[in-house]
Amino acid sequence: MNERCTWCGTEVEPGDGFRAYEPAGERRAVFCRLEHIVPWAIQGAHWDAGALTEPPAVDQATQTCSHCGAELTEAHVLLVRHRGEHRVADGFCSVDHLNEWAKAGGRWR
């Protein structure tokens, strides 16, 4: 089942795009492109209700913030890149750190 990008409304297939989660608050957002995280975060990070739909191991494997390297607390943000059947996860201390990381090009900076 396709989802819609939280920022632009474009359909996002299950094996593509990015899923952002705030596991402690059971909130989520979907993005078709990494670049859509930036305006979403700047305008206040409007989340949708929803629990983590990734395998539990994806969240458990992420222990430190991908932006600053600090150890993650229970109130963290998880970003999961969907690439076909593969899932690539990054954790962040906050939406602000997710935003800064995305502005810098994410993993490809």
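Colleague: What order do the five strands of the open sheet have?

Modeller: In this predicted model, the five strands of the open sheet follow the order β5-β4-β3-β6-β7, and their pairing is antiparallel.

Colleague: And which are the edge strands?

Modeller: Those are β5, at residues 48–49, and β7, at residues 86–92, each of which pairs on one side only.

Colleague: Let's go further in. How many bridges join β3 to β4?

Modeller: Five bridges join strand β3, which covers residues 18–22, to strand β4, which covers residues 27–31, and the two run antiparallel. Within that pairing, F18 stands opposite F31 in β4.

Colleague: How many bridges join β3 to β6, then?

Modeller: There are four bridges between β3 and β6, again with the strands running antiparallel, and here R19 stands opposite V80 in β6.

Colleague: What is the bridge partner of V80 in β7?

Modeller: In β7 the partner of V80 is A89, and the pairing of β6 with β7, which is also antiparallel, extends over seven bridges.

Colleague: Why is β6 described as largely enclosed by the rest of the structure?

Modeller: Strand β6 spans residues 77–83, and six of its seven residues are buried, so the rest of the structure largely encloses this strand.

Colleague: Changing topic to the hairpin of β6 and β7, how many residues are between the strands?

Modeller: Two residues lie between the strands of that hairpin, and in it G84 takes a positive phi near 65°.

Note on methods:
Residues numbered from 1 in each chain as written. Predicted model: local features only at pLDDT ≥ 70, side-chain atom pairs only at ≥ 80, totals over all residues. Heavy atoms only, no water. Pairing = 2+ DSSP bridges. Buried < 20%, exposed > 50% of the residue type's maximum accessible area, 1.4 Å probe, protein only.
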